[in-house]
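Subject: Structure handover

Hello,

Here is the structure for you to look over. My notes on what was found in it follow below.

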Number of protein chains: 4
Amino acid sequence: MPDEFSQRAAELIEAGRFLYQHGWVPATSGNFSARLSNGNLAITVSGRHKGRLTPDDIMLVDSAGKPLDDKRPSAEIQLHVQIYRRYEHIHAVLHPHSVNATLLSRLHSHCLVLQDYELLKAFAGIGSHECQVTVPVFANDQDISRLAAEVEKYMNDSHEPIFGYLIAGHGFYTWGRDVEETLRHIEAFEFLFECEMRLHGVISP
Amino acid sequence: MPDEFSQRAAELIEAGRFLYQHGWVPATSGNFSARLSNGNLAITVSGRHKGRLTPDDIMLVDSAGKPLDDKRPSAEIQLHVQIYRRYEHIHAVLHPHSVNATLLSRLHSHCLVLQDYELLKAFAGIGSHECQVTVPVFANDQDISRLAAEVEKYMNDSHEPIFGYLIAGHGFYTWGRDVEETLRHIEAFEFLFECEMRLHGVISP
Amino acid sequence: MPDEFSQRAAELIEAGRFLYQHGWVPATSGNFSARLSNGNLAITVSGRHKGRLTPDDIMLVDSAGKPLDDKRPSAEIQLHVQIYRRYEHIHAVLHPHSVNATLLSRLHSHCLVLQDYELLKAFAGIGSHECQVTVPVFANDQDISRLAAEVEKYMNDSHEPIFGYLIAGHGFYTWGRDVEETLRHIEAFEFLFECEMRLHGVISP
Amino acid sequence: MPDEFSQRAAELIEAGRFLYQHGWVPATSGNFSARLSNGNLAITVSGRHKGRLTPDDIMLVDSAGKPLDDKRPSAEIQLHVQIYRRYEHIHAVLHPHSVNATLLSRLHSHCLVLQDYELLKAFAGIGSHECQVTVPVFANDQDISRLAAEVEKYMNDSHEPIFGYLIAGHGFYTWGRDVEETLRHIEAFEFLFECEMRLHGVISP
C-alpha cells in the first residue's frame, strides 16, 4: 500500500498528463502541489515538463515551503504556501497556464466577473447560476513573495469567496479540498474563460 | 445476455465518454437518460463526472421520475420526463453542456433559426437543406418543474417540429428514437452551433 | 492476399476514421469512393457513419454509378462519376463536410482564391507559392444530376486546373491519383480554409 | 546500443509524430534536422509525411548539406545549414508549418514583438517576462539560398538574440541545444502565436 506522499504524487502526475493533453501547461509551465495530513507539501520540482512527470519530479517541502529533500521546488512555491496557510480545508493547489487565462488577464486589468452561467455550480458551495464569481487579476511579478503578499492583502480586504485568480500574462491558480475537486474547478474555469473570451467585444457584460 | 437496463446503461456510459472527449460535458455538467420498454427510465445519478461513468452512476426511476432505487437522480429529471411523456417514439434524451451552445444561448434571447445547411438532413425526417429548423431558447431556472412547464407550453403553442432546445447559459437538450440517433443529433447540432457562432457578426442570417 | 476491391475498401474505411477524428464528417455526412482498374467504383453505402465504417458499408457500382450489389450508394454518387469520367488519372474522390468549408461556402458566392501560401505546393503539380488556386463554389441542390452538370459545365468553361470545389452549406469535394494523395489534398485544403476563415474580415485578399 | 545517427533519427521521427498530432506539419509540410558530433546532419528526406516518418525517411548530409547517401534532402536544407554554421551550440533545427504562424506572417510584414508573457521564460536564457523577444518575418522565396542569405544578413545586423523566425505564408523555424529544447521552443512559440492571433485587432500591442 503506497504511503500518503506517493498517493498524492501519483495524483499530481496524472493531473499533469490531463492538463497537458488539453494544452493548459505548455513548455514546462505550470506547477502543482498537494498537502499531506502532517502539513508538509508534495510539490512539483522546478522546470520539469508537466505532461511527462515521474515520481522523481515531485518533492517534499514543509508547510513554509522549505525543501525536505535535495531538490529545488517550483519558483512559485510561496503562492501555494499562502493558500494552504489561509484555508485549512484546502489540500490541493494547481496552477495551469492556458491561452484563455493568459488572454483574459491581458483584457481585464483588475478582475473578471462571471455570472449567469449554470456551470458556476461546479465551484464548491455555489448552488445557483444567479450569483457573481469574481476572479481577481494580479500584475505579474518575478518577486514571488511580493506577489503572494498582494494575494493575501486582496483576500483580507475582500468579503466574497473566490475560487481562483489570474496573474497577468501568466495563467491562473485554483485550489480545492483535494486534487479531484481542484481539477473540477479547472474544467469549470477553462470552460468559462473560453466563453468569456469568445463573447469579448461581442456582448457587453 | 445483459438485461435491458444494463444495455441502456452501457450506452449512456459510452455516450458520456464520447461527449466528454469533445469537451461537451465539462466538470460534472450534463445528464443523460434512456427509456425502457416498460416505461421506466435509466438516468444518470446526480453530480457524477460524465466522462468517467460506471454502471453505479446510472439509476432506475419510474415514468414520472420517482427513484426506484436509493440513489438521487440528476436534478433536471423533470425535463427528461416531459419529453418522454410528449413523444411516444422517443427513447433517449441527452443534455450536453458545450461552449457553443452556451454562447448562442446568450446571443439569441428567443430562438436560433438554422437554415441552408445540408447537415439539417441529419435530423430525423428532414430531407432537404431548403427548410428552417428553429431551436428555442429558454431562460435558465433553478426551479426545474417550472422550466419543464415552459418547455411544454412552447411545444403546445408551436406548430413546427423541434429537435432540441437551448437553456440560457446552460447547454442544450436533444432526443431521439434511441441513444445512437440522439448522438447523431448532437453531432449535427454542435456542427451547426459552431457554424452559427463563427458567422455571428460576420453575415446577417 | 486481398483483392483490389477489398484493398480500396480498407483505404476508404481508414480514411473515414481519420476524417471523423478531425471532425470533418460529422453525423453520417460525407461520402468516399475509389476507382478499380476495371473502371468499377468502390463507394460508401448511403447514410452510414463515416467514422465507424466496416467492409459492409462499402459497395460496388459500375462506372456509371449503377449498383452491382443490392445496397444503395451515397445519394451524391453522380458527383463522383463526373470526376472519374473527366479525369482518367484520378482514382479516388473524397467528400468531407467540415465547418471551415461550410463557412467559406457561405461567405464566397462564386469562388475562393488561394494565393501566397507555401502549402499550395501540396497540390499535385504545383511547384511554387507564387500562383493562384481557384476553388469554385456551387449552389447546393438536392437534384444531384443537375449539380453534376453544373460542375461539368464549369470545368468545360474554365482554363485553369482545379483541385476541389465547395458546395454552399455542404462541405467540399477533392480527388487524386489515389486515396493517399486525396487525403494530402484534404489536409492542405483544411489548413488553407482555416487560414482563410481566420483572415476573413481581418485583411482583404 | 544504437549509434548517434539512429538516436537522432529516432528523436526526429518522434518529434514529427508529436507535431503532426498538433496539426503543425500538415500534408507533408515541415522539415527537421539534428547535428551529430562530427558535424554531419541527420535530416528529413524531401516530400515525406512528417507524422508517419520511419528511419528510411531520415538521411545523412555533411555540414554543407551535401547528401552522404543516395536520397534527396528537404529542399530547405540551406536554412538548416545557415543556423548550424552560425551557432556552434545548436544541435537541432525544426521547421513546423502551423496555421497561427502562417496567419501572423501575413499580418506582420517585418517582425512580431512578444512581450509581457511569462512563457517567454521557456526560451533558453530568458529569466523574466519583462523583456521583448522579436520574431523577424522574411518574405517567402523558392530560391532557398537567397532566403538563407537574407536570414544571415538579418542576424549580422541585429544585436538582440532571436529564437526563431517566420517565413511569410510558410510557417516558422526554431532551434535549440537538442531536439527536446527545440520542441520546448515550439510549444512556447505556438502558445504565444495563438495568444497574439487572438489578441489581434482586440488590443494594440
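Contact here means heavy atoms within 4.5 Å. The model is a predicted one.

Sorted by class, the contact of H5(A) with H3(B) holds six nonpolar, two polar and three charged residues.

The crossing in which H5(A) passes H3(B) is right-handed.

Helix pair within chain D

Chain D has a packed pair of its own: helix H2 (residues 77-86) and helix H4 (residues 144-157), at an angle of about 30° and with axes 8 Å apart. Because angles under 35 degrees count as roughly parallel, H2(D) and H4(D) are roughly parallel to each other. H2(D) also passes H4(D) in a right-handed crossing.

From H2(D), the residues that make the contact are D:Gln78, D:Leu79, D:Gln82, D:Ile83 and D:Arg86. H4(D) contributes D:Ile144, D:Ser145, D:Leu147, D:Ala148, D:Val151, D:Glu152, D:Met155 and D:Asn156. By class, there are seven nonpolar, four polar and two charged residues in the contact of H2(D) with H4(D).

Chains C and B

How many residues does the contact take from chain C and from chain B? Chain C gives 23 residues and chain B gives 21 residues. Between chain C and chain B an area of about 1800 Å² is buried, and carbon and sulfur atoms give 62% of that area. On the chain C side, C:Ala27, C:Arg106 and C:Gln142 supply 33% of the area that chain C buries against chain B, which is more than any other three residues. The count of salt bridges between chain C and chain B is zero.

Chain pairs without contact

Two pairs of chains do not touch. Chain A and chain C are one such pair, with their nearest C-alpha atoms 14 Å apart. Chain B and chain D do not touch either, and their nearest C-alpha atoms are 14 Å apart.

Regards

Key: Residues numbered from 1 in each chain as written. Chains lettered and ligands numbered in written order. Predicted model: local features only at pLDDT ≥ 70, side-chain atom pairs only at ≥ 80, totals over all residues. Heavy atoms only, no water. Axes fitted to C-alpha atoms, helices over the stretch in contact; angles between N-to-C directions. Helix = DSSP H or I, 4+ residues; strand = E, 2+ residues; numbered from the N terminus. Parallel < 35°, antiparallel > 145°, perpendicular 65-115°, else oblique. Left-handed = near helix turned anticlockwise from the far one by under 90°. Nonpolar A, V, L, I, M, F, W, Y, C, P; charged D, E, K, R; others polar. Buried area = accessible area lost by both parts, 1.4 Å probe. Salt bridge = Lys/Arg side-chain N within 4 Å of Asp/Glu carboxyl O.
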